[in-house]
Amino acid sequence: MVLNIEKLLPSVLRHENIAHIEDDVLLIGDRRKLPFSREFYKAYDASDAACAIRMMVTQGGGPLETALQAMAITARKCGKNMDELRKAGSLLSSARKTNTTMKREIAFLLEEFESIGSRNFADSVQELVNSRLEEYDEKYLAMAEYGCRLIKDGDGILTTCFPEHSFFLSLSLAREEGKKFTVYAQETRPYLQGAHLTAPSLAELSFDHYLITDNMTAFFISSGRVNIYMTASDLATKEKWVINKLGTLSSAIACHEYGVPYYAFSMGFDDSYSTLCEKEVEFRDPEEVKECQGIPVTGGDVRAIYPCFDVIAPEYVSAVITPDGSIS
């Protein structure tokens, strides 16, 4: 690698804190517990890892790394049993349907497994997984180098949910160039990833920042304090359709109204889609809307509904930033 990126990242995004293997057990950093405690969820097989992904133990880029290591765990337990490996891959791929990068990566691994000999198969798989993680680090950095160029000295930067590696690397590279900026992080109800992950990570890295509630974004955009909007994305197409955490669309619309560019980081494009206008998004348990941090915020007989993701149309997306550059 050209650069050890971990020194530029918050601790939650370092490999050992996302997912790592100890004594044939996959330890997944439990982001639900942050920032109040640092705990690991124990996964003994791919089924456990898929369950952790579904339960939001890890999210954003976390499922990708978790899935890679879960496939390595499967190889340790089953050797070159392609039926078991494919079964594990299917469980992991379906755990987070919007995370198409994870699905593509699992398909790639399964294809590579075919050419690996049975002798020392598990060790070879682990070497492949480690190599893939290094390649992803290089891709994160490539996107960040582009993202850094978009940040101007004195900018106010808005983000939604937990924007993952390339966003924080963009900030770190911009600071190394002497740029000053302020980040506005939305709290992102109901899981509060912005409050639990993004804002503490900004504080850990000593970036100037403010945590804001989700309904404050239009105020800061309209007042001129926000100059650029940057998020991760769960899915993106070459036509600039983007899927990301609920709340992204309303901020993108407000940014479009006030002439603020919106950039989404994407590891790659899902070629199975040209348009996402009819894409069905995931709905989660509505009871999660009726509480905050486990504390009820309304009556038990109140009806709630919880769509998890926004579909953002191309007219609201200034560019999708990929490891190869941007699609404008």
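Predicted model: local features only at pLDDT ≥ 70, side-chain atom pairs only at ≥ 80, totals over all residues.
Biologist: Where does Thr 188 lie, and what is its phi?

Modeller: As a general idea, most residues other than glycine have a negative phi, and most peptide bonds are trans. Thr 188 lies in the loop between β5 and α8, and its phi is near 65°, a positive value in a residue other than glycine. Buried means under 20% relative accessible area, exposed over 50%, and partly exposed in between, with a 1.4 Å probe and protein chains only; Thr 188 therefore counts as buried, at 2% relative accessibility. The loop between β5 (181-186) and α8 (193-204) also holds Pro 190, and the peptide bond leading from Arg 189 to Pro 190 is cis, with omega near 0°.

Biologist: Which loops hold Cys 161 and Pro 35?

Modeller: Cys 161 sits in the loop between β4 (155-159) and α7 (164-176); its phi is positive, about 60°, although it is not a glycine, and at 9% relative accessibility it counts as buried. Pro 35 is in the loop between β2 (25-29) and β3 (40-43), where the peptide bond from Leu 34 to Pro 35 is cis, with omega near 0°.

Biologist: What is the strand order of the open sheet?

Modeller: Two strands pair if DSSP finds at least two bridges between them. On that basis an open sheet of seven strands runs in the order β6-β5-β4-β7-β10-β14-β15, with mixed pairing. At its edges stand β6 (209-212) and β15 (325-327), each with a single partner strand, so one side of each is left without a neighbour in the sheet. Axes are lines fitted to C-alpha atoms, for helices over the stretch in contact, and angles run from 0 to 180 degrees between N-to-C directions; the twist averages 25° from one strand to the next.

Biologist: Which residues of β14 lie on one side and which on the other?

Modeller: In a regular strand the side chains alternate between the two faces of the sheet. In β14, Ala 319 and Ile 321 lie on one side and Val 320 and Thr 322 on the other, and all are buried, with both faces covered. Strand β14 (residues 319-322) pairs with β15 in the antiparallel sense over three bridges, and a hairpin of two residues joins these strands. The bridge partner of Val 320 is Ile 327, and that of Thr 322 is Gly 325. Three bridges also join β14 to β10, and these two run parallel, with Tyr 263 standing opposite Ala 319.

Biologist: Which strands does helix α6 lie across?

Modeller: Contact means heavy atoms within 4.5 Å. Helix α6 (residues 121-150) lies across β4, β7 (228-231), β10 (262-265), β14 and β15, running at about 140° to β14.

Biologist: Is Thr 231 buried or exposed?

Modeller: Thr 231, found in strand β7, counts as buried at 0% relative accessibility. A polar contact is a pair of N or O atoms within 3.5 Å; within protein, one must be able to donate a hydrogen and the other to accept it, and residues adjacent in sequence count only if both atoms are side-chain atoms. The side chain of Thr 231 makes such a contact with the side chain of Tyr 262, at 2.8 Å.

Biologist: Which residues touch the most other members of the largest nonpolar core?

Modeller: In soluble globular proteins, nonpolar side chains tend to be buried together. A nonpolar core is a set of buried Ala, Val, Leu, Ile, Met, Phe, Trp, Tyr and Cys residues joined through side-chain atoms within 4.5 Å. In the largest, of 37 residues, those touching the most other members are Tyr 140, Ile 157, Phe 167, Phe 168, Leu 171, Phe 181 and Met 230. The largest share of this core, seven residues, comes from α6.

Technical notes: Residues numbered from 1 in each chain as written. Heavy atoms only, no water. Helix = DSSP H or I, 4+ residues; strand = E, 2+ residues; numbered from the N terminus.
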